[in-house]
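The entries follow the order in which I looked things up.

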Amino acid sequence: MVVPSAGTVMGCGVTKSDQFHKHSGKAIRAAVLIQRWYRQYVARTEMRRRYTWHIFQSIEYSGEQAQIKLYNFLGYLMDNFTPSSNERNLISHIFRENDICRDAEWERYFCYKKIEVPEIYSGPHLTFPLTVEQAVGLVEAFRNKKQLHSRYALQLLLETWKLLRMLPNINRISTCHSKEITICGDLHGQLEDLLLIFYKNGMPSLEKPYVFNGDFVDRGKDSIEILLILFAFLLVYPSDVYLNRGNHEDHIVNLRYGFTKEVLTKYKMHGKRILKLLQKIFSWLPLATVIDQKVLVLHGGISDSTDLNLLARLDRHNYISALRPPKKRNQSSASTSMDSDLDEDVWGANRIFQRRASLTFPKPLGARDCFHNRSLQDFSDRIKVNVETELEIRRRRRSAFNAVMKEPETETPTLSFDSVYSDNAKEEWKQILDLLWSDPMAQEGCVPNEVRGGGCYWGPDITEDFLNKHNLQLIIRSHECKQDGYEFCHNRKVLTLFSASNYYDVGSNRGAYVKLGPDLVPYVVQYQASSMIRELTVRQSVGRTERSALKVLREQLFAHKSDLICAFKKFDSENTGVVSLNDWASAVESVMHLDLPWRMLRCQLVTRKTSEGMIDYYDWFNELAIIGPNSDNIDQSLLETLYRHRSTLETIFRIVDTDNSGFITMEDFRQTWKLLSVYLKMEITDEAISDLAVTIDSNQDGSIDIDEFMEAFRLTDKKSRLERGRSMFMGTATDLTKLEGDPNI
């Protein structure tokens, strides 16, 4: 006999209670499945976001490191080649930035009065002293894509230079109950971000003071416009607009990241003078700003030796480029002309970054190990220096100085670093370098910043000690792109602020600025300066940014083809041409050192594999097709070198192009490759260089168009933002529609 359970009705099947429990159980299981799926989706999206960001930052920082390495190498050549050598003549002009002339002589060189403004010119007209209406008009003109005439540009820059020379190294400002101070981070030539900040927050005025924290130029296409706007408001409101120097306010960095090319393109006739004046202006930009004696605003950061008292009294204008210490000058140099070659020696690479070894990156960095810490003897097998000849030349140069000064001649067989460059000057240079190039880290301590190649990483203990020493409560710095436009660290005592939205690509990051009132509590405002991002779904935005990063990653992989094949062959002992997925991932990481999830990336990077799941690595490289001229006649090792070091090669081209025409002769083209071969410590034959030159010089006019040459050899189908200055990949409407149908997104 079956006893009916409670809640059942005799003669009826199942009660409503049983049905409810049955359906609720299904609903709970469905909810758990949906929750599990959603968590996996969020985790995958976050993983994609992280590796995409890591790809972008790794390539950006390695480019900065390569620029510093190249500059140190060129400095080494200046020290060790005789003045009459072709190699030295090619590069000597970039080391003349410390030419000393009286300010009046420079002002005559920068004179704008003989430059006529044609009647057909429709851009803004300026009169001095500037008015607020003219500054606002300049903003509107640039918004409408108009260009300021070179006469007015030179005049505005000259007035700015005069004003900056009167400012202290560290500006000290205060809030009051009626004012908030707005602080902006890196703008990097992205005018749309500056315009959006002015739209949301208002233009600079007596009631709305601003601090702009460096890196106004490079990478973006409107760097000169941003400078002219900021300088105009500085002239109108000198007590309410404050500018700090960034690491990109440096003419050597500008050679690589686009600002030099931008100015010469927009101001073809007077661009060279404008660039020279900007060198002067950059060297006179203040180094930091202190708000209410409690908040320090600087571009990069601090180190365990940063001293605000020392920074406040050094001669900042001596550091035309912060990448090397200034040269000690003979007293007679004040009478030297602007074009003098008499004192061009620069300090060698072994005098840079004498800190202890890095603890931040304990594993080997392979090809990206720090150039600065190598001994100069590393180049001795590539560069043959006639010591006796060099000493004789130095003796003659010394004799020339003594004849002018009417002093007895003395022999100086060696030039000791310490004999001409005091410990105080070395310390000053380190202070500026750390201030412009350093980044915070989570670990305690202070170690060299080997990823960027300059400055240091400093920890929360260094922050705490520094704030206590100087009686401060907060450091606001920039220098690093953050996905949200800002980031607190070190117990919220360090705030990183980045104002260039869409920096790597549309949708890659927000921009932000900070408002500080009398309570000194940061109020962060975020924004995205692109209407395109509002038209994309989250899925499209993440996929688009990932797509851009993968394009650049593929180019980097192809550029390391030889090294990767060697790594694959270590796993392919029978030379079958195929490796397993695990071996493929291990080999790629051993060469690239990017710490990426290569197994996860395989489906995006390798579209074909064998039936057994193996990867044919020769076939993989064939997928990375080269877009460019017929490369069959070009030496393959030379071609790979070109792809791997194309930014470095373009920088050398820009240096060699002394008249800024955009063209170099065949002979200079060969000398450029010779310089690169010495720099890379590899053999490049004259025949290989000639074949390359013939391939590029299609019209047989005996000269090489630099832009045409660099564009001819490109793996990705769009120019990288990290190379040219904008974001990594600016897609068209067609590109956006393709995203929807892309199975990899």
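Entry 1. I began with strand E3 (residues 210-212) in this predicted model. I found that E3 pairs with E4 in the parallel sense, over three bridges. Within this pair I noted Phe212 opposite Leu243 in E4.

Entry 2. I then asked in what order the strands of the sheet run. The sheet is open and has five strands, in the order E4-E3-E2-E13-E14, with mixed pairing. I looked next at the edges, where strand E4 (241-243) and strand E14 (523-527) stand. Each of these has a single partner strand, so one side of each is left without a neighbour in the sheet. I recorded an average twist of 20° from one strand to the next.

Entry 3. I looked up which helices lie across these strands. Helix H6 (residues 191-201) lies across strand E2 (181-184), E3, strand E13 (511-516) and E14. I noted that H6 runs at about 125° to E14. H7 lies across E3 and E4, and runs at about 130° to E4.

Entry 4. I followed helix H7 (residues 223-236) to helix H10 (residues 271-284). Their axes come within 14 Å and cross at roughly 55°. That angle makes H7 oblique to H10. I recorded the crossing of H7 and H10 as left-handed.

Entry 5. Which residues of H7 and H10 meet? From H7 I listed Ile224, Leu227 and Phe231, which meet Leu278, Ile281 and Phe282 in H10.

Terms used
Residues are numbered from 1 along each chain as its sequence is written. This is a predicted model: local features need pLDDT of at least 70, side-chain atom pairs count only at pLDDT 80 or more; totals for chains, interfaces and linings use all residues. Side-chain values use heavy atoms; hydrogens and water are left out. Axes are lines fitted to C-alpha atoms, for helices over the stretch in contact, and angles run from 0 to 180 degrees between N-to-C directions. Helices (H or I, at least four residues) and strands (E, at least two) are DSSP runs, numbered from the N terminus. Angles under 35 degrees count as roughly parallel, over 145 as roughly antiparallel, 65 to 115 as roughly perpendicular and the rest as oblique. A crossing is left-handed if the near helix is turned anticlockwise from the far one by less than a right angle, and right-handed if clockwise. Contact means heavy atoms within 4.5 Å. Two strands pair if DSSP finds at least two bridges between them.
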